[in-house]
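Work through the exercises below with the model in view. Try each task before you read its solution.

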Amino acid sequence: MRLLRRLAWPLLIAVVTCGVLFLGVFPTRTYLSQRAAIAAAEDQLDELTARNAELQHQVDLLGTDAEVERLAREQFGLARPGEEVYQVLPPPEDPVEVPDVWPFNRLRQRVEP
């Protein structure tokens, strides 16, 4: 009987401690992690809302004739009838300098006229 009383208090303390953990700590951790997930989702929603506003602005611009004409001229080099289009080419690249040592001397003989 004495052994049973001695074991009853530690067992009772262990059961109460487990109860406190299950009823207090674990739900609190879950609540905090869900709160962090909600904050991250709200940040992502704000970014997506801003991106949608930018894209809607682009869609609105593409509905105008002036924007379509600007893109046609800029990206595709198109012009209205009677207009002439000039394109400036980049300067030519410098010729490749080949060293005059083996094995490049044979390459120079093949490349140069």
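**Exercise 1: a nonpolar patch**

Phe22 is found in helix α1, which spans residues 2-62. Helices here are DSSP runs (H or I, at least four residues; strands are E, at least two), numbered from the N terminus. The model is predicted: local features need pLDDT of at least 70, side-chain atom pairs count only at pLDDT 80 or more, and totals for chains, interfaces and linings use all residues. Residues are numbered from 1 along each chain as its sequence is written, and side-chain values use heavy atoms, with hydrogens and water left out.

Task: Find out whether Phe22 is buried or exposed, and name the patch residues.

Solution. Step 1: take the cut-offs. Buried means under 20% relative accessible area, exposed over 50%, and partly exposed in between (1.4 Å probe, protein chains only). Areas come from the Shrake-Rupley method with a 1.4 Å probe, and for residues only the protein chains shown count as cover.
Step 1: apply them. Phe22 has a relative accessible area of 57%, so it is exposed.
Step 2: list the patch. Leu21, Phe22, Leu23, Val25 and Phe26 make a nonpolar surface patch of about 500 Å². Patch residues have over 30% relative accessible area and no salt bridge; nonpolar side chains (Val, Leu, Ile, Met, Phe, Trp, Tyr) are joined within 5 Å, like charges within 9 Å.

**Exercise 2: a charged patch**

Task: Which residues form the patch of negative charge on the surface?

Solution. Asp and Glu count as negative, Lys and Arg as positive; His and the chain ends are not counted. The charge is placed at CG of Asp, CD of Glu, NZ of Lys or CZ of Arg.
Step 1: name the members. They are Glu42, Asp43, Asp46 and Glu47.
Step 2: look at one of them. Asp43 lies in helix α1. Its relative accessibility is 47%, so Asp43 counts as partly exposed.

**Exercise 3: salt bridges**

Task: How many salt bridges are there, and which partners does Arg70 have?

Solution. Step 1: state the rule. A salt bridge is a side-chain nitrogen of Lys or Arg within 4 Å of a carboxyl oxygen of Asp or Glu. The count comes to six.
Step 1: take Arg70 with Glu67. Their closest N and O atoms are 2.6 Å apart. Both lie in helix α2 (residues 65-76), three residues apart, about one turn of the helix. Arg70 is partly exposed at 38%, whereas Glu67 is buried at 15%.
Step 2: take Arg70 with Glu74. Here the closest N and O atoms are 2.9 Å apart. The two are four residues apart in helix α2, so about one helical turn separates them. Glu74 is exposed, at 54%.
Step 3: Salt bridges that share partners join Glu69, Arg73, Arg80 and Glu83.
Step 4: return to helix α1. Arg51 bridges to Glu54, with closest N and O atoms 3.3 Å apart. Both lie in α1, three residues apart. Arg51 is partly exposed at 43%, and Glu54 is partly exposed at 44%.

**Exercise 4: distance and confidence**

Task: How far apart in space are Leu11 and Gln58?

Step 1: read the distance. Leu11 and Gln58 are 47 residues apart in sequence and 69 Å apart in space, C-alpha to C-alpha.
Step 2: check confidence. pLDDT is the predictor's confidence in each residue, from 0 to 100. The chain mean is 85, and 90% of residues reach 70 or more.
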